[in-house]
Structures are given as C-alpha cells and as structure tokens.
Amino acid sequence: MAHSTFAINPRWPGGIVAGLVLALTLGTLCAVAIRAEFQTGFGAADWAAVRFTVSQAFVSALFSCLLAIPVARALARRQFRGRSALITLLGAPFLLPVIVAVLGLVMVFGRNGLLNDAFGLVGLPEISIYGFHGVVLAHVFFNMPLVTRLVLQGWLSVPSERFRLAASLNAPVGRLIEWPMLRTVLPSAFLVVFLICLTSFAVALTLGGGPKATTVELAIYQSLRFDFDLGRAALLALVQFVICASAAIVAWKVTSPDGSGAGLDRAVQRWDGGAKRDVLVIFLAATFLALPLGMIILRGATEVLSLPTDIWKAALRSAIVAVFSSALSTVMALALALRAGRLAAVSGGLPLAASSLVIGTGLFLLVYPFVNPAKLALPITMLVNAVLALPFVLRAMAPAVAKIETDFGRLAISLGMSQQTWIWGVVLPRLKGPIGFGAGLAAALSMGDLGVIALFAGDGQETLPLAMYRLMGAYKMDAAAGAALLLLTISLGVFWVCDRGGRTVADF
Amino acid sequence: MLIFDDVVLKQGDFSLSVALSIKQGAVTALMGQSGAGKSTLLAAIAGFLSPDQGQISVDGVKLNQLSPAKRPVSMLFQDNNLFPHLSVLQNVGLGLRGDLRLSAIEAQHVSDVLTDVGLGGMGDRKPAALSGGQQSRAALARVLVGSRSVVLLDEPFAALGPALKAEMLDLVKTRLAGRTIVMVSHDPADAHRIADTVCIVADGCVSAPVETKELFANPPEALSDYLG
C-alpha cells in the first residue's frame, strides 16, 4: 500500500516526555504498590473514606448538573449587558486557587459568614459549612460553572431553524429539542465533574476532616504526615488510583472534547416566554459565584499591604515554582503534540487519572531512603504540577499543532526544511496563541496548587496556598483574606500576561 | 523525460496504474473526475507517496528512494502555499534554501525574481497584505528562484477569478518555459490555454499523453463523459 514516506515533526522528544509521564504516574504507583501493606487489610476508617469519596463526588456532580441546566437555559435565551462577562466568569473557577474559593465560601456560609449573620437577625439556627454538605457546596461552586458552559454550548449548537420550526408548529420545545440535547451533553459533563471531585484534596482538607468527612486523598495525607504510616498511605494511594482510573476510563469513553467557549456570544431567539424566571436564575447564579470572590476582595484589600514578610516570601516561592512548572509543562505538551499518535494521547491523558497525592506518596517513598523529602519539596512540587497541568496544556496546543502540520507539512518537506527550521521558523511562530494560553493555564494551576506541597513542605518552604491554609487553621481570617487576594491576583495576573502575550504577537 | 515505469499506487481499495513518459519541457494537464487519482499521482511524483510497484524517474534519475526535498521537483498546492507569518521575501527565499538564512546575494536574486513576476518592492510584506493574484505570483516566484526541472501544479489558481487565472497560467507558460510541468485541472479551458498534451485519469489508469488540440477535436469516451 502506498504510504506517506516522510514526516517533518520530530517524534523522539515526545517519546522522552511520554516516558517521564509514565514514570511519574505508573512508576510512582509501582513504588506505592511495593510498600502497600495488604496483610493488615482495609480498616473501617479506610472504608469510610472510600464511601465518603465516592458519595460526595456523586452528589457534587448531581447538583452541579441539576443547577447548571436552568442557568444554561436562561443564558441561552437571554441577551443582556454583561452577558459575555458573566460567561467569562463561568470559566474563572478553573483558574481559581481552591483555597481562595474555600475561604470565600467560608466568609459567606461559615460560622461568622454573611448567611449566618442574616439568619441570626431573623432568629434562624446557625448552619455549619464543615462536613459533607460543605465539601459538596465547594465542589458545586467549582463545577457548576463548568457544566453550565458545556450545557450552554449544547444549547447554542442546536440550529436556530429548529427552534423556529418548533415555534411555527407550536410543538413542545422541551421534548422535541432540549431533552435530546441534554441527553447527549449531560452524561459526559456529570462524569467529568464526578472525576474531578474524586481527586479533590484541598476542599476535603479545609472543609472536611474527621472520621465522617475524610476523602481517600485526605486519608493518604494524614497517614503520611501525622501517623507516618507508609504502608497504609501506600495502600490508600493504590485504592485512590483504582477509583480514579476507572472513572477516567468511563469518562474517556463518553466525553467529547469541549470547545474553548467560542461562539457562546449569541443568544437563541425563542418564542416561549419565561423571561422573569430566567432573570432570577441568572441573578442567583451570578450572586453565588461572585459573592465569595467579592468578600475576598473586600476583606483582603485592607490586609494585603500589612501581610507579614513570610507571606511575601511564600508568594515569591509560589511564583518561581509556577514559572518553572509552566515552562516545563508547555515544553512537554509541545513535544507530545508534535509526536501525536496513541502513546502521546495516553501519556497526555494519564495525569487526569493520577492524583497529586498518589504521585507525591510514590515520590516520597522513592526519595525517603536517600534524602529528607522536605529538601526536595519545591522541585518535586514543580515537577508534579507540570505533569498534572499537562492534559490541559496539551488540549490547548494539540489541535493547533495538528493543523499546522496538515496545512504546511508537505510544503515544508518539499522545500527541504530541516526539523530545526520547521520548529523554530514555522511551528513556534504560528503557535504563539495556544502556547501563551497553555503556559498561562499551567502557571495559574501551579500557583493555586495545594496538594503535593502539603505532603513535603518543611519549615520555610511553604508556598502561598499552604501558608494561607495555615493562617486559616490558626483562625487568622483577616490575614488569610489578604493572602487570598494576593494569591488570586498573582494567579489570574500570570494567566492574563501569558495569554495576552501569546495573542498580541500572533499575525495573520 | 519524466518516466513512469509500470508504476502502481494503492491507497486502501483505490489503485492507480501508470505507464507513460512525458517529454522534457512539455506542459501536461491531468484531467478526470474528482477522486480519479490526479492528486495521488502528483503526490507520488513529489514523493509524499511511495509506489507499491514500479519506478518513477526524471532524466534517468530514479526518484523512489529520494526524499521529497532531494527530488528535482517543485510543487504548488491547492492552498497554503505561503507561510502567513513569514515575509514574501522569506517565503520566496525558501525556494532557494530551506533554512530561512539568505545571504545578501541570494536576497538580491530573490528580489529580482519578485520584480520579474510583478511584485517589485513587496518583499517585506506579509502574504495577508497581498491580493489573491499577488499571493499566487509569490508562490510562483518561489518555484522560479529554484532550478528544479519538474513543476507540479495541484490547481493552485482554482480560487482566482477567470481573468486572473488565465493571467497566472500565461505567466507559468512564459516564465517556466523549458521545465516539465504537470498540472491538475478541472477546467478544460486551462488545458486549452497552456497544455501541450493531456493525460486522462479514469478507471484506475492514466492514459498516455495526447496532443491537446487533437484530444479536444476527437475526445475519447472517458473525456466526453467528463465534459458532458
């Protein structure tokens, strides 16, 4: 059979990256498996952690989906000023450091929060944000906007002729058009959220805890950090991997790649009323998302400048880790995108099923016999953050790389371009936009990460999220709000700078 | 001479047999239904497909083992003939050397060729700042600065209006005189305008080249089916 004889994209860098990713995900898992203490078996507390992990993820995904439907429907039908700003805001939780959002939620729903103040005024009993419902609340805060965007995309992908047809036939729009659309969009959205919530660590660390509200991830952290029970931590890490891997495999089969939000700017013209309800829904959703952030900004603004130097040092540490981690993630994603094919796809998706605590535990077990793990806290955090961001960066870059190859690969080959000229002279200049976006994403994700660092950090190695967590633990809420505002500003700022930098130089 | 020595190209269920030779310096049009294999044949000459059987050679040089860049063949594609982020000068310079490093003499040569195709003084522009016709001229200039003896045209001017297309074809005919040109065409008028000979691609075979005038005066069944 005739076949294409020559390829211009280099394949070996992708091979190296794939090896590194496999070593960090599956290799650390082996290190974990060797140490796991199977004979002691699974205690009651461990089972409780598994049950809690799965049930909170299920409920979080369910509520995220149920609440997203009316919001997406309202957004699809209404055109108003600030609509595109609101849709942008819906994308923000992805970049938002978890710990910042948690603090914001505590300020609204916590013991001294806005809601309890209001309840106190009218004589209602106090509610608590800690425990199962608090974890679910935080997960809904993060994931409801994501599902809203996915469902909104579904709504807007229905050709407007169909709504016109339904209107002219006086047919039930819901049964004829909307329900079939939701049936294709919702299952994958549900699974994505379920998967994200399974690996959630920082939320459980801050809002969960105790025997009733401990996730497997949190149990791993506690057995390593407090009990120093390596065998149990390893066993739990293995369980966590199995949970995530099975969810990821299911998600892989049902998900279609989501768009970047392109084309969400228009509203569907409809003829079936419901304007007042739509307005109310949009108002409630916007309040739910904006209020916690508003509280952070309000309370933090007065505190930022009086933050102790320790916090500024932690911020600098975080920023340095974020820069290196982002650079590494971007280079790795580029190598995988150039390689394409199955190995690249698998190693680009594998980190989604891995958890930073499992990788962290594996690395801890590997380095522990040789050096004090605390000495390697920052380099390891950088590496793990880069790998965990890889799927998202790859997703931002791979389609663009593939298009460059389809458009110009043959031309470059026939002109006798070297791989070096191809990469530096063609691929990189044409890829500035996606590179900027991907690098910004990786930097923001690393900035806000509170995972593996919690496992390793000794004194004087805190990153900003960890320092903030410790402030919250010490009930220094004002200082925590200041640190949160700083963290929020740097995270979004670093994303904005990268994304902007990539876009302004793109030429067509 | 461009010679196809019992060449067979296969892609999945599709198979194309070619056994013919094309004279040095001739302009030959490939005509046939879409999907008949015209572009496949060009891809094989350019080196993007290797034949399952047989040998393609140019002036006695066997092509099968040569990479696309080493073949004495330049190609103009349907679209994306210019890199949008490179200047016209850089784009055309790529026909001279593939590493984007032009010496002063080479740059001068490129400028001269640009002037020759009517793009004098436009070397610093990006392709987006050129009209469609000018972009075609720039792509043609890149073929001109090189000295490869075979030029393949995979309908590069299809997006141009009739008058511009005719102008470009005339430019091909005059500026590339002496080179062996193989062009894919859907439009009989293109073949009429510049082709010396025509090969009909149909039913998995490529016919031997026939004089253009003779062919249209006396069209075989495959061609009259196509022309309707």
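**Exercise 1. Describe how helices α6 and α12 of chain A meet, and which residues make the contact.**

Step 1: Start with the axes, which are lines fitted to C-alpha atoms, for helices over the stretch in contact, with angles from 0 to 180 degrees between N-to-C directions. The axes of α6 (residues 132–156) and α12 (residues 275–301) of chain A come within 11 Å and cross at roughly 115°. Helices here are DSSP runs (H or I, at least four residues), numbered from the N terminus.

Step 2: Find the hand. The crossing of α6(A) and α12(A) is left-handed, meaning that the near helix is turned anticlockwise from the far one by less than a right angle.

Step 3: List the contact residues (heavy atoms within 4.5 Å). From α6(A) come A:L137, A:V140, A:F141, A:M144 and A:P145, and from α12(A) come A:F288, A:L289 and A:P292.

Step 4: Sort them by class. This contact has 8 nonpolar, no polar and no charged residues; Ala, Val, Leu, Ile, Met, Phe, Trp, Tyr, Cys and Pro count as nonpolar, Asp, Glu, Lys and Arg as charged, and the others, Gly among them, as polar.

A note on the model: it is predicted, so local features need pLDDT of at least 70 and side-chain atom pairs pLDDT 80 or more, while totals for chains, interfaces and linings use all residues. Residues are numbered from 1 along each chain, chains are lettered from A in the order written, and side-chain values use heavy atoms, without hydrogens and water.

**Exercise 2. Find the partner of A:R78 in a salt bridge, and say where both residues sit.**

Step 1: Recall that side chains of opposite charge can pair when their charged atoms come close. The rule asks for a side-chain nitrogen of Lys or Arg within 4 Å of a carboxyl oxygen of Asp or Glu.

Step 2: A:R78 meets A:D278 at 2.8 Å, N to O.

Step 3: A:R78 lies in the loop between α2 (44–77) and α3 (83–91) of chain A, whereas A:D278 is in helix α12 of chain A, 200 residues apart.

Step 4: Over all chains, the structure holds 15 salt bridges, yet the interface of chain A and chain B has 0.

Definitions and conventions. Helices (H or I, at least four residues) and strands (E, at least two) are DSSP runs, numbered from the N terminus.
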